[in-house]
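The structure is shown first.

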Amino acid sequence: MKLKKLILPALSFAMALFVSGLLVAFSDSKVLALKSHPISMLSKGLSTCGAAYWALFRGSIFDPRLASGHFWEGFYPFSETLVAASPLILTGLSVALAFRAGLFNIGAQGQFIAGAIGASWVGFTFDLPIVIHSIAAIAAAMIFAGLYGGFVGFLKSRTGAHEVIVTIMLNYVAGYFLLWLLSTTAFLRPGRKDPLAPEVHNSARLLHLFGPDLRANLGFIVALVAAAAVWWLLTRSTWGFRFRAVGANAAASRTAGISVARVSTTVMFLAGALAGLGGAVQILGTEYAMTSGVGGSFGFDAITVALLGRATPIGTVFAALLFGALRAGGLTMQASTDTPLDLVLVIQALVVLFIAAPALIKSLFRLKNVDEGETISSKGWNG
Amino acid sequence: MSLELRGITKRFGALVANDSIDLAVADGEIHAILGENGAGKSTLMNIVYGLLSPDGGSISVDGKEVRIDSPLDALAAGIGMVHQHFMLIPVFTVAENIVLGHEKTKGPGLLDLESARKEILRVSAEFNFDIDPDALVEDLPVGLQQRVEIIRALIYDAKVLILDEPTAVLTPQETDELLRNMKKLRDTGTSIVFITHKLREVKETADKITIIRRGKVVGTASPSASQEELASLMVGRPVSLDVEKKAANPGKVMLEVKNLHISDHTGRTLVKDISFQLHAGEILAVAGVQGNGQSELAEAIVGLQEHVTGSIYLDGKEISKSSVRDALHSGIAFVPESREEDGLIGSFSIEENLILDLHDLSPYAKGPVISKSIVAAEADKRIKEFDIRTQSAKDSASSLSGGNKQKVVLARELSRPVKLVVASQPTRGLDVGSIEFVHERIIAERDSGRAVLLFSTELDEVSDLADRIAVMYRGEFIAIVPADTSREALGLLMAGVKP
Amino acid sequence: MSTTEVRSLSAPERRRKRGIITMASLGSIGLLLFGIFPKSGQPVTFSFVLGNEWVLAKELIINSKSGSLSFSIISLLAIAVATLQFRARKTIRTASAVFGATFLMSFLCWATAGKFVPFTGLLQGGLILSVPLIFGAMAGIISERSGVINIAIEGQLLAGAFLSGIVASLTQNNWAGLVVAPIAGALISLLLAIFAIKYGIDQVVLGFVLNVLVIGLTNFLYKKLLIPYQSTWNAGGTFPPIQIPLLSKIPVVGPIFFSQSIIVYLMYVVVAVIHIALFKSKWGLRTRSVGEHPTAAESVGIDVNKIRFRNVLIAGAVAGLGGAFFTLGALGSFSKEMTAGKGFIALAAVIFGRWSPLGAVAAALIFGFADNLQGLLTITGTPIPSEFMLMVPYVATIIAVSGFVGKVRAPAADGVAYKRGGGSH
């Protein structure tokens, strides 16, 4: 395929792992204690780092300890990767779509929460036949979240308020709103006081893909379908044409009769709906019950996913799989080697930094003539 | 002070902008550098002024070779420059602009503007420039802004003054005054390098002329050469300077504008109470120096201006409140002033740019889906019709030359059913061949019965193409006059002298 | 042939009009909710004494309902005055300030019915909470006036908090912590400078990624080192308040402004220096030129990217110093993600204050006061759920940015990376 295009991302990832590895090694107290013996310190550092990364791999892709029965059972951890990746694909698409129209949607976190609220509420309040219930919950999620996002686009086109500030603020608002909801009787489980919403009914849940023992579910398929839909939207439809036009040159688009205001609002609505779909998938497929932490770090992750995936649908899918693997493996890493999960954040940020500066990687590795791919840019305050 | 360039070469990737250029400017001489748009004149001067470094060649001042790596070096060597697009900071005052880079300080780094103010007033008085050192540059009219640049160069003792296309933004009267001042400067010992593509001015002021074409020096001439000779040297083939045009055959009123008033977002009036009628089959050219409201008027007709009152009728139908899209589809072709910023999307392909306005209408789209094959077929047709030089319709628009970019804009706008053509500075920055193409096309549209509203700062273009001329000054049509009005009369009108 | 001139509104006028509409909506809601709906009032005790300043008045007891009603009516009068000034094409700043103050007082009377309000303490706390916002805003202004968008203020604050906290703990010396705080901020902005200026990466994206990086790093080290080995790594202290002789005794004003920690006094100095330097010094002129029209600056021999680089580092240092507030000025120890989005509110203050140091300070003070008010009300207990109170600073930011600011004019070249020779044609 286009292997050349993968060189830079691969090298960026390698560099990120290297730098993070240094962090793991030199923050370990046992390693630090060996200050006066550089060689044993180096080997201890290597082994600490290696153990962490091996745990990462075991938790996300393949665990030899599970393969003792049937070989393919060793791939069980991959199901966790799929589970982690599904909402990432969707929130990543949300950010990527907005980027293509020249908007920076930092609000995927808040839109995700809005979607989770919608899906959760429909899921535990009503009783509908099996597939219809899921669809209704998903629809509610997408509408709530779409409105939450569309509001930002509307505000920007009417008042010029920059989406970066507004979406960041709305993320906090959504978080606190969720906290409040989980203290109201409507959203609490009967008889309990902890912030845990009722479980969604079985009729709303998304089916497991590989049997009841593995958590991978239809949400992954939904995410792939969404990615395909976004791809089609951008490359083949009139709407996508307008989005891309405004993202590339809003002034020329306006001069040719395209309404930039309408595009901003529509794109933010769709972006919100996609992130909300991510929230729905998380609730209906994985968690079943909403907690105050349902938003997780999907907001941050969505942006790093979109940046690594160069804001293209297919790139987003692969980037989400990679970062999903990091997340899934990270839990194992945290449990078995006492390495905090936040290392994954560091790796993600470094990957994106390296990948955003192709010139840096090129000079580090002395490469020439490597495909840099498209650059992603958002507009400053004036534009 | 004499200035000599030897073998100056500059490449931008595969493009050779300057190819081994030799130039000799004697002491106390006005030396004109003549060339059409894109010939490489500005690149050359940016090298002399230290904004670019050459790939080869040398610069000598008074016989001694100098190294110019930055504008500071150029200034130290006695070279000053007045740029085509002013290098002034609009939100600063005149004094702040002039001290920038050479600031005097008092105390712990605080600015001292006093001596600068005195110097400004001195030079200003010497040339009758009338500049207030504490005025904000953005409040000054364009002609005065240019004087600020000149003053800056003179205050820092420039002995060679480079003027890059200085008359593009001036009225004929201001142009005459500038040419007079140039001669005055030369007579006091300052050499002047005068970059332009305007033959008349060259003949009037230059002591010596060097012609540059496609990055190379193709010859020198004296001001006694005829305009045709100079033009042919510039372009490389015989050029007829006359535009062929049949008599106009005006039909019904196609565009009617009543009491149009436009303000900017701070409330300042840009266009004040304009009313006029335009007939099918006629070209109304709006003449006037940049900054008198032309751009805004052009945009307002299509609906691109926000703060507009008054009414606009296209073929009887009111379009004052229409969206841009509705205005365009009611039958207006709009060629914007800046093709790169407002006319085309550089990263989109030529194909996509050609359907920017019609992308969601049949036959290019069926419902929400764009038919790629139909788009491609149409693109090929139009590329042929408008003679757009490109390898493939799928190349990005930014890869095209200026002239071809403009052709893409025309191809897009003129392929719709159109009643009115609004063209804003359509030949700015184009090479002569493209200029000819655009002129021919505009006349063809007019002869097919369309109304044409042309905005141009080039008086020659206005006189050549117009059937009637409206002169715009400070946001008003100061007069609408017949096409054969003399240059002098037009100049007076452009300067605000009411008839 | 000129008909009556129909003048459409200018941008400042439309902004004022939008502001008046926002105020009118808020004011009417306030009047109904705070003044009219409540059945009867309860006494509210406002205390004006904080420490040992001279005393003018000790307390004031107002009935909540009549207090709210009176303040609401005054606020509506302020709107009326603002409308008149708007019609006369004047600025409405004083009237808006009066509206803001009386609206808040009306709200306060309602929310604290039957309770005790330490008024001077409230204002003093408001100033304290605005400290990181002001430092962050100064950092934002220096950077943006030079033409580099600085979204990484949050990360710079957090880095400053982290490094100052652990150094103060390791050395058991608060001053050591204070000294390294700017270095931490500058390190983060070094990354911003390199990637934005040298490699030309989109500055908004870059700033955001740097924030993620700092959060990840500090969280990681917090869990790996600060929690398990707290006594070594996370046992720093705070700076006690210093009372300035005489000035701190002035009633009300004294305790608020002149009885604060060294960090706050440093802040006064920083703001004054930046404001004077930006508009009256050679550095300020060159900085602004580079942010407005880098090509013109280069044409007079100024090295655009060098100035930008240096200023971004200075900005980072200022923000880092502000980060020390969280640890050395408030909590005494570092906790996970303790900046809680203050860096973004600082950015909003920059925009709200239209890139002018004093304007940003005013905005930051308003945000800080709202934050403190929310804290007080959560403690004293109000009818509004605490989660909604926590939302207040963020909602206020949205309203500020869209209701009162609208389309802004940032420095013209803000956010656009510059290449040498960019002026050639």
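The text below takes chain B as a whole and then a helix pair in chain A.

This is a predicted model, in which local features need pLDDT of at least 70 and side-chain atom pairs count only at pLDDT 80 or more, while totals for chains, interfaces and linings use all residues. Residues are numbered from 1 along each chain as its sequence is written, and chains are lettered from A and ligands numbered from 1 in the order in which they are written.

Chain B has 17 helices and 24 strands; helices (H or I, at least four residues) and strands (E, at least two) are DSSP runs numbered from the N terminus.

| Property of chain B | Value |
|---|---|
| C-alpha box along the principal axes | roughly 70 × 50 × 45 Å |
| Buried residues (20 or more other C-beta atoms within 10 Å of their own, placed from the backbone) | 47% of 499 residues |
| Contacts (C-beta atoms within 7 Å) between residues at least 6 apart in sequence that join residues at least 24 apart | 66% |

In chain A, the axes of helix α4 (residues 76-100) and helix α8 (residues 218-236) come within 8 Å and cross at roughly 15 degrees. The two are therefore roughly parallel, a class for angles under 35 degrees. Residues in their contact include A:L82, A:I89 and A:L93 of α4(A) and A:F220, A:A223 and A:V230 of α8(A). The contact residues divide into 11 nonpolar, 2 polar and 1 charged; Ala, Val, Leu, Ile, Met, Phe, Trp, Tyr, Cys and Pro count as nonpolar, Asp, Glu, Lys and Arg as charged, and the others as polar.

Conventions. Buried ≥ 20, exposed ≤ 12 C-beta atoms within 10 Å, placed from the backbone. Contact = placed C-beta atoms within 7 Å. Axes fitted to C-alpha atoms, helices over the stretch in contact; angles between N-to-C directions. Parallel < 35°, antiparallel > 145°, perpendicular 65-115°, else oblique.
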